Amino acid sequence: MSVELQHGMKPDLTADEAARGRFVSGIRGLILNDLAADMKAAYDRRAAPAWERAHGRPPATSAEAHKALRGDPAFNIYSAMRVQAQKMVWASVADSVEREAGRLGAAAQAAAGKAVLNPELDVPKNVGAIEVHLMPGSYTRGGDSVEAGAVYDRGLAVFSMGLMGANLDDIGLSMARYIALRYPDFAPTRILDTGTTIGHNTLPWKQTYPDAEVIAIDAAPGGLVYGAARAAMQGQDVQFVQMCADKLDYPDASFDLVWSSMFLHELSKKQRAAALAEAYRVLRPGGLMLHMELPPNAEMSAFDGFYLDWDSWYNEEPYYKGYRDEIPQENCVKAGFAAADCFQFVVPSVGIYGEDAIAAMVASDAAEAVGQATTGRLAEGVMWFGFGAWKK
Amino acid sequence: MSDTPRPDDTPPGLYDDAGNARFFADPAMDRFVAVVMNMAQEMWVQEERLLALEEARGAAPVDREARLKDFITRMFAPIRNA
C-alpha cells in the first residue's frame, strides 16, 4: 500500500498522480514479496544445484549466489521489474514536485526551519554525482531549493509501501524506543545525526529525548532546507547543518549520541572509516554511537546476502556490498572503541509489531537474531538491524 | 551512470555501454518489460478514473488497495513461478 505523508510539506496530488503512486507501491509489493519468493524457489530448485554440480559445493557467498542466479528466468524477471519499478518510484512524484515547487518553497521559508548551509563545502561524488537508488539528479538535484528533499520524501513514501510509517520515521522510532527501554539510565543532552537527508529518522530522537539539543548534518543542501521546514512544521526543534560526517566541525567530546540510519553503506570504505573515527572523537565518555544499517553478509546465508547485495549491482548503490562484507564490530574497534563495548541487535518495526514487541524483545534480551530472514528486507514483517558502541 | 563505481567482484557483462543493467539475452526484452509495466500503470490510472465516475453516479465505494492487488495479480499472473 502507499502512504500519505502527515506533515505540512505533504503533496497535494491530482487523482492521476495518486493512482500512479499507488500502482508503483502495489507493483513493488508483488516484486518484493511474490517474485522474490519465486526467485528463492528457483535458486533452491535450479540455480544452487547447478552451481553445486559445477563446483562440487553450493554457493558459499553473496557473489557466488549472484553468479549462480544470473540468467535464470526468475532472476531476470525479478530484476528487470525491480529496476523499472525503482525508476517508476521517482517518475511518479516528479510531476507533483515540479508543479508544487513554488508552494513548497514559500512554505519552507514561512516555516523558518533551522538550516545552516555551507556553500564552500565540496559535496562528495557519492552524494551528488552518483544517481543513488536510480534517483535522477541524486541528492543535489535542485541545488539548495527544496526539490531534492521533496522528491526524496514523496518517493520514499511510494517506495516504502507503508512499511516505514506515515512520516517515514519507523526506523528512528523503533531504534529510539529500543535504546530508551534497553538503557533507561542513558539520557543524552546533545545528539548528532549524520547523513540525515531530510531528517525523517532524526525527529524520533528529539521526541524520545525532548530536552536534548539535536543536530542533523548532511552534505547535500536541498534535503537540509526541506528537512528543516519539515521538522519545524511538526513542531520539532532540530538544527540542520551542511557538513560531511567524515570531517565534523565539532570539538572533541561534544555529543552524547551519534546516530545514523541507512547511511554508512553510501560511503566509500575510506569515508566510512573516517566517519566512525569522527563519531568516536566527538563523543563524550559514556556516549553512544549507534547506526541502523543493513545486516552484514557474515550473519546470513549466501542467498540472503545476495538478495540484499542486489542493490549494489543494480540500484546504483556501489558501496553497499563492500560495506556489507565488513564486520561492524571490527570497524568500531578500528575507530577507537573497545571490543567489549560494541554490540549489535535487531529490533521489530514499531509500526508493524507495536511497542509491546520492542519491550518484549528488551525484556527477553533476545534482540540478537541478526540472521533471521526478514532482517533488512523491506517486505512483509521487516526487522531493523543496528549496531553500536559505548565510549568509556 | 557509466561512471558509477561497482563492487570489486562485479561479474563482466552486467551493463550495457551506457551503464544500464541488462538481464535478458536480448536487450530489447529489458526495455519491453519497462513498457509493459508503464502500460499496466496507465491502465490502472484509467481504472481509478472509472471507479471515481461510477462512485459519483451512486455505485458503492471501492477499496482501491484491494482492487489494485487483484488488478496486479491478474495482470502479472503469467510471470509467477518462473
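Which hand does the crossing of helix 4 of chain A and helix 9 of chain A have, left or right? It is left-handed. By that I mean the near helix is turned anticlockwise from the far one by less than a right angle; clockwise would be right-handed.

Quick housekeeping. This is a predicted model: local features need pLDDT of at least 70, side-chain atom pairs count only at pLDDT 80 or more, and totals for chains, interfaces and linings use all residues. Residues are numbered from 1 along each chain as its sequence is written, while chains are lettered from A and ligands numbered from 1 in the order in which they are written. Helices are DSSP runs of H or I with at least four residues, strands are E runs of at least two, and both are numbered from the N terminus.

Back to that pair. Helix 4 and helix 9 of chain A pack at about 60°, and their axes are 9 Å apart. The axes are lines fitted to C-alpha atoms, for helices over the stretch in contact, with angles from 0 to 180 degrees between N-to-C directions. The pair is therefore oblique.

Who touches whom? From helix 4 of chain A we have A107(A), A108(A) and A111(A); they meet V225(A), Y226(A), A229(A), A232(A) and M233(A) of helix 9 of chain A. Contact means C-beta atoms, placed from the backbone, within 7 Å. By class, that contact has 8 nonpolar residues, no polar and no charged. Nonpolar is Ala, Val, Leu, Ile, Met, Phe, Trp, Tyr, Cys and Pro; charged is Asp, Glu, Lys and Arg; the others, Gly among them, are polar.

Now helix 9 of chain A itself. It runs over residues 221-233, 13 residues in all, and spans 19 Å from first C-alpha to last, close to the expected 18 Å. That expectation is 1.5 Å times one less than the number of residues. Just after helix 9 of chain A, G235(A) takes a positive phi of about 75°.

Stay with phi. Most residues other than glycine have a negative phi. M161(A) has a positive one, near 55°. L168(A) is also no glycine, and its phi is positive at about 65°. M161(A) sits in the loop between helix 6 and helix 7 (170-182) of chain A, and L168(A) lies in the loop between helix 6 and helix 7 of chain A too. M161(A) counts as buried, with 21 C-beta neighbours inside 10 Å. L168(A) counts as buried with 23.

On to the interface. 36 residues of chain A contact 31 of chain B. On the chain A side, helix 1 of chain A gives the largest share, 12 residues. That side divides into 20 nonpolar, 6 polar and 10 charged.

Helix 3 (residues 73-99) of chain A packs on helix 1 (residues 27-56) of chain B at about 50°, axes 9 Å apart. That makes the two oblique. Here the crossing is right-handed. Residues A80(A), M81(A), Q84(A), A85(A) and M88(A) meet D30(B), V33(B), A34(B), M37(B) and Q41(B). The contact has 7 nonpolar, 2 polar and 1 charged residues.

Last stop, chain B. P7(B) lies in the segment before helix 1 of chain B. It counts as buried, with 21 C-beta neighbours inside 10 Å. Leaving aside neighbours within four places in sequence, P7(B) contacts S312(A), W313(A), P318(A), K321(A) and G322(A). Its C-alpha is 53 Å from that of A60(B), 53 residues along the chain. A56(B) is in helix 1 of chain B. With 8 other C-beta atoms within 10 Å, A56(B) is exposed. From A56(B) to T10(B) is 46 residues in sequence and 54 Å in space, C-alpha to C-alpha.

Conventions: Angles under 35 degrees count as roughly parallel, over 145 as roughly antiparallel, 65 to 115 as roughly perpendicular and the rest as oblique. Two residues are in contact if their C-beta atoms, placed from the backbone, lie within 7 Å. A residue is buried if 20 or more other C-beta atoms lie within 10 Å of its own, exposed if 12 or fewer, and partly exposed in between; C-beta atoms are placed from the backbone.
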